[in-house]
Amino acid sequence: MRGASSRVNNKIFVASRKGDALIARRLTVTSRRLLTTLMIHSSSLEIFLLGGEEMNRLKRTFYPKGSGLANVLAFPPPPNFPDPEARLRSLGQIYVNRDLCRKDYPYLAFLLLHGLLHLLGYEHVGKSDILKMEKREKELWQTMRITSSRGEQELFPGTRGARN
């Protein structure tokens, strides 16, 4: 197994406020675990922890028809975008609302997982998309062995509607 882990060259960048250094480190570790579990190698991922107002402004800019609070937003890299780390495949950027999960790291980890699946092509537009994405979220959540004080129904609301 040691040989396999030496091939994992994922670069994680977490942008956060000075007071969020511990959360940023935990997100980096969780991101590495997720990418390894998904067998994603030689990739880069950018994660931004923003406050609620900043997240809602970003959501209004890019998703003007969206409603509700912005908990996580994911933006894949533009096609043919020059990457200074050319040897790494850019997965894109994930923006997480730190205010919604200030004292609940497992929920923050869940939002990271949800955003990463969006970058990998999962959506929740129709009922079948929601079920497919939620199934993958549950599989990865169980593999990661993260527990949350939030109930499973809150993390995985199923077909109640689109989330994001």
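Leaving aside neighbours within four places in sequence, which residues is Met55 in contact with? I started my notes there. I kept in mind that this is a predicted model.

**Entry 1: Met55**

I located Met55 in helix α3, which spans residues 52–62. I then listed its contacts beyond four places in sequence. They are Leu50, Ala70, Asn71, Val72, Leu73, Tyr95, Val96 and Asn97. I looked up one of these partners, Asn71, in more detail. Asn71 is 16 residues from Met55 in sequence, and the two C-alpha atoms are 7.5 Å apart in space. Next I checked accessibility. The relative accessibility of Met55 is 0%, so I logged this residue as buried.

**Entry 2: the whole chain**

I stepped back to the chain. I noted six helices and four strands. Reading from the N terminus, I wrote down the order α-β-α-β-α-β-β-α-α-α. The chain has 164 residues, and 43% of them are buried. Met55 belongs with the buried ones.

The chain exposes about 9700 Å², and 53% of that comes from carbon and sulfur atoms. Residues 24 or more positions apart account for 66% of them.

**Entry 3: α2 against α4**

How far apart are the axes of α2 and α4, and at what angle do the helices pack? I took α2 as residues 21–37 and α4 as residues 105–119. Their axes lie 10 Å apart, and the angle is about 45°. The pair is therefore oblique. I recorded the crossing as right-handed.

I then went through the residues that meet. From α2 I have Ile23, Arg26, Leu27, Thr30, Ser31, Leu34 and Leu35. From α4 I have Tyr105, Leu108, Ala109, Leu112, Leu113 and Leu116. Sorted by class, this contact has ten nonpolar residues, two polar and one charged.

**Entry 4: Ala109**

I picked out one residue of that contact. Ala109 sits in helix α4. Is Ala109 buried or exposed? Its relative accessible area is 2%, so I put Ala109 down as buried. I also checked its distance to Ile23.

**Entry 5: α2 against α5**

I turned to the packing of α2 with helix α5, residues 127–144. Here I noted an angle of about 115° and axes 11 Å apart. This crossing is right-handed. On the α2 side, the contact uses Thr30, Arg33, Leu34 and Thr37. On the α5 side, it uses Leu140, Thr143 and Met144. By class I get three nonpolar, three polar and one charged.

I compared the residue lists of the two contacts.

**Entry 6: Asp20**

My last stop was Asp20. Where does Asp20 lie? I found Asp20 in the loop between β1 (11–15) and α2. Beyond four places in sequence, I noted contacts with Leu49 and Arg98.

Technical notes. Residues numbered from 1 in each chain as written. Predicted model: local features only at pLDDT ≥ 70, side-chain atom pairs only at ≥ 80, totals over all residues. Heavy atoms only, no water. Axes fitted to C-alpha atoms, helices over the stretch in contact; angles between N-to-C directions. Helix = DSSP H or I, 4+ residues; strand = E, 2+ residues; numbered from the N terminus. Parallel < 35°, antiparallel > 145°, perpendicular 65-115°, else oblique. Left-handed = near helix turned anticlockwise from the far one by under 90°. Contact = heavy atoms within 4.5 Å. Nonpolar A, V, L, I, M, F, W, Y, C, P; charged D, E, K, R; others polar. Buried < 20%, exposed > 50% of the residue type's maximum accessible area, 1.4 Å probe, protein only. Areas by Shrake-Rupley, 256 points an atom, 1.4 Å probe, with all protein chains shown as cover.
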